Amino acid sequence: MESSHAHVPASAADELSALPDDILVGIAERLDLRAAIRLAAASRHWRRVQRLLPFLKIDVYDLMVARDLDTTLAVHAATARWLLAPATRPPALRRLYLGFYLKDPYLRSLGRAVEDAVAGDNGDIEHLEFTIRTTTTDEVSNNTGDDEEQAGAVVLGELFMSFFDACPIAFNCLSSLDLENVRFSESAVPTLMGACRNLRYLPFKYCDSGPASTLKIDAPLSKLQTLKLESCGYRTVELVNVPKLEELHFYTWCGDNLPTSFGRVPCLRLISFSSPCLDWQEPFALGQWLPNSTNISNLSLDFCDEKIWVKPESPRQLSHAFSNLRIVSLYNISHDCDLNWTIFVLEAAPSLTKFLVKVSWHTCGRNKCEDSAEKAIVSWEPSKFKHNNLSLLQVEGFAVEKKVMRYIRLVIKCAVSLKRIRLLKPDPREMCDSRYCRHHSSMRHRFPVQEKEKNTIRKRLKDGLSTSAEINIY
């Protein structure tokens, strides 16, 4: 793939060289790897600027110049060795990002270069980030049960742990590890967490430790702040002791029990959970699932247009976990489902200030599979309560429809301090390409366009209710 910066004339490089160093550093920080190398080759002055950079990004994606992956990986490894060599490495380097493929023999070369960079006389790197990719998307994809794919994931897991064993200094300094398509041994993750004492950000994608395996993290000395699991095959995740963890992002629930168990997570403030519900998965109560901590301030649940997998509960059952909630987001609730059940969140979360609801009008079954659960009516009869802190209600996927209008009026009636209501049409970036979906959605819902119609909607929503809330329709 040819870069737009493929050719840098010497005259242009000389003109740039006349600028002050701080401006040149700012320019150099915004260049991709190929452009930076070409500028350094065209101007000796730019090689000096390279030595002033506090951040180096050495990503294999920036060097994709041929269909031959081995050629690209060889160029990437050589570039990393050159940029991290003592004579070239910036003395002011504080942050190093390395994006690479999990493939030998280039791993050994990269490992030595990084080890030298973090252990050398000039090694004062505060943030070391690895994004480790698999060789090709065709060779190893997610764990679908195919023996060949699972065998490939096992090989990648062994290769990763071999790389880990060969670079103890680098992994001890590592602050971010982005990893995909790897099957670990049962002891691998505990070993990794024990060695990566400075690890703060950990995203796993398509990873597991075998069929119906459990991810257990018991790391009392860990500095891990963000854990992100996307389409991983773990049956459950046990957070036994993760004292610094602040954010948990968990996408796709694979087990027949609660998706996570929480031990000691005193700093956890944000939980983002997204999954369709399969027919063998039972809805669960948030009061049984959420950690026994009052620090959670932000809760995001995405139902992926499918069955609602939470059970409404009384405020008494949720009072502890919901006591400090400030923001709740309920995403992709199918238009087939009623919305009134969401009121149980308001009842149980007296400190809530922002309530975000997204209605999905997808009729194409984009997240449906042969094991998808049948949608069921979730009923909840709200009590006559008043919420004193809610200031914002946002409804995305708003439609001029009786069910939606009635729901918004119900929230207005409950939330006596409501200041603003934002009604948004479906995000155009998420518009479905399915002809079936477009046809049925256009028949079933309508979004007001003209200002006169918007004013009519505002009057209908406020009719007979005592509220000063501003209603914005976008």
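**Exercise 1. Find where I125 sits in the chain, then decide whether I125 is buried or exposed.**

Step 1: I125 belongs to the loop between α6 and β3 (127-133). Helices (H or I, at least four residues) and strands (E, at least two) are DSSP runs, numbered from the N terminus. This is a predicted model: local features need pLDDT of at least 70, side-chain atom pairs count only at pLDDT 80 or more, and totals for chains, interfaces and linings use all residues. Residues are numbered from 1 along each chain as its sequence is written, and side-chain values use heavy atoms, with hydrogens and water left out.

Step 2: Compare accessibility with the cut-offs: buried means under 20% relative accessible area, exposed over 50%, partly exposed in between (1.4 Å probe, protein chains only). I125 has 14% relative accessibility, so I125 counts as buried.

Step 3: Now look for its partners. Contact means heavy atoms within 4.5 Å. Setting aside neighbours within four places in sequence, I125 touches L93, R94, R95, L96, A117 and V118. L93 is 32 residues away along the chain, yet the C-alpha atoms of I125 and L93 are 6.2 Å apart.

**Exercise 2. Describe how helix α5 (residues 69-84) and helix α6 (residues 106-119) are placed relative to each other.**

Step 1: Two packed helices are described by the angle between their axes and the distance between the axes. Axes are lines fitted to C-alpha atoms, for helices over the stretch in contact, and angles run from 0 to 180 degrees between N-to-C directions. Here the axes of α5 and α6 come within 9 Å and cross at roughly 15°.

Step 2: That angle makes α5 roughly parallel to α6 (angles under 35 degrees count as roughly parallel, over 145 as roughly antiparallel, 65 to 115 as roughly perpendicular and the rest as oblique).

Step 3: List the contact. From α5 come D70, L73, A74, H76, A77, A80, R81 and L84, and from α6 come Y106, S109, L110, A113, V114 and A117. These residues divide into 10 nonpolar, two polar and two charged (Ala, Val, Leu, Ile, Met, Phe, Trp, Tyr, Cys and Pro count as nonpolar, Asp, Glu, Lys and Arg as charged, and the others, Gly among them, as polar).

**Exercise 3. Summarise the protein chain: how many helices and strands are there, and what share of residues is buried?**

Step 1: The secondary structure comes to 15 helices and 19 strands.

Step 2: Of the 474 residues, 51% count as buried.
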